[in-house]
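My notes follow, entry by entry.

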Amino acid sequence: MEHSIVNVIGLGYIGLPTALMMASHGVKVVGTDYNGDLVASLKRGELTFEEAGLEELFRSAMDGGIEFSRDYIKTDLYIVSVATPYDKESKRIDPSYVIAAVEQVLDVCEKGAVIAVESTVSPGTIDKYVRPLLEKRKLKAGEDVHLVHAPERIIPGNMIYELIHNSRTIGADSREIGEKVKAMYASFCQGSIEVTDIRTAEMTKVVENTYRDINIAFANELAKICYSDGMDVHEIIRISNKHPRVNILSPGPGVGGHCISVDPWFLVGDYPGLAKLIRQAREINDSMPEFVLRRVYEIMLENGLTDISRVGFYGLTYKENVDDVRESPTLQLIEKMKEHLAAAPKTYDPMCKARICDGQYPDFASFLESIDLMVIMVNHAHLKENWAMAAGKVVFDTRQCGLDEGNNKMYFL
Ligand code: SAJ
């Protein structure tokens, strides 16, 4: 598809790598974000979050002439990758940023332009919230403007590789438009690109994350069963996985991130009478931080530790080697503690430069000095590199990090 310029709207975790990737593959790109500080920082050549390989990609996109702006530009292809926050109580997605972005695109776009929404949305969002925006302006979908849903699939920590190598899905109202958008993504994506309709594309995204949530829940439930009866869940999973058709995931302290812990709720919300396994899996994964707390209490008793303020939690992010703390198990655990009127526990995370919560330590040494029991919530590479510093501590490893026992007293999930 010969576009003059692609305008990528929303330069966050997904929009920025996508915009940079296109620009470094010969596509003319303008990245737009309403956050002036973010735009200014990118214009200065400074990245706004850490991700393996992003720095190099940024340089190559700059060489490819990428521009950043607060303004939407007049063109014929828009990629909308703005945030879709979710309400913790109602479990519903808030589509207001997507709506605002599409409204502003409609203010400036050329006739026949394509608006591809990459943001994660709940199934039906395009029909329910985006299509009516066109109708309101008496614009005809499929003629004046073409709507597309092109959900992202990349995993934080391996985004750059996955942007290039993952297959992806394009949902469009017509095959012709789907194929045109596919051609643009094929400028950098080496995976297969499936063209389908918009509802199917919306649903596949949510189904993919729900599949993973359910599989993690199975591992977590096994951890609870095995612990209750003195069996080693990790050994059991290791051996079971030797079966050619078994591939059990790893139990952990909970499931975080903006997608897997959120998307399955859309199905529960829309199909409460049908989505029973999905709800149960969500509840199991949400129960894990509390399970960790119960285990911490038992470990304290076993070791004669009575002072909860001398228990520290290593890792605030939702998984290893990223700086994203959204819905992280550690933050979920802190919330649980608050519900029981406990003060925020001591925490340390080498990936979090910013202050996330009370009790957070800026360096590993002083964190260790102030605690007797360290609970590993995230397996950052930093931990193995600095493991010698934790010598002599009681350690509860919820992530099976493979650390040397040495003179530590170790417990596992
Ligand atoms: N986790 C476990 N045990 C495991 C695997 C993961 O406890 O065996 C935990 C992680 O520690 C983390 C959470 O689950 O807290 C989710 O992490 P993840 O690495 O499984 O996935 P995300 O949330 O980083 O990214 C997912 C990916 N989706 C799938 O794998 C189906 C990614 O491809 C999507 O692009 C992303 O969600 C998204 O944005 O939808």
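Is Asn7 buried or exposed? I found Asn7 buried, at a relative accessible area of 0%. I count a residue as buried under 20% relative accessible area, exposed over 50% and partly exposed in between, with a 1.4 Å probe and protein chains only.

Before going on, I note that this is a predicted model: local features need pLDDT of at least 70, side-chain atom pairs count only at pLDDT 80 or more, and totals for chains, interfaces and linings use all residues. Residues are numbered from 1 along each chain as its sequence is written, and side-chain values use heavy atoms, with hydrogens and water left out.

**Asn7.** I place Asn7 in strand β1, residues 6–9. Strands (E, at least two residues) and helices (H or I, at least four) are DSSP runs, numbered from the N terminus. The side chain of Asn7 makes a polar contact of 2.9 Å with the side chain of Thr32. It also reaches the backbone nitrogen of Ile73 at 3.0 Å. A polar contact is a pair of N or O atoms within 3.5 Å; within protein, one must be able to donate a hydrogen and the other to accept it, and residues adjacent in sequence count only if both atoms are side-chain atoms. Leaving out residues up to four places away in sequence, Asn7 touches residues including Val30, Tyr72 and Leu77. Contact here means heavy atoms within 4.5 Å.

**Ligand.** Which residues come nearest to the ligand? Of the 20 around it, I list Glu152, Arg153, Lys205, Arg212 and Tyr318. Being near takes a heavy atom within 4 Å. I then checked oxygen atoms of the ligand. A polar side-chain atom of Arg212 lies 2.5 Å from one. A backbone N or O atom of Arg153 lies 2.6 Å from one. For an N or O atom in the side chain of Arg399, I read 2.7 Å.

**Core.** The largest nonpolar core has 44 residues. Such a core is a set of buried Ala, Val, Leu, Ile, Met, Phe, Trp, Tyr and Cys residues joined through side-chain atoms within 4.5 Å. Leu20, Met22, Phe68, Val148 and Tyr185 touch the most other members. Helix α1, residues 15–23, gives this core its largest share, six residues. Beyond four places in sequence, Leu20 touches Leu54, Leu57, Phe58, Ala61, Ile66 and Phe68.

**Helix α10.** How many of its eight residues are buried? I find six in this helix, residues 263–270. Trp265 and Phe266 are among them. The buried residues of α10 pack against α8 (198–228) and α11 (276–302).
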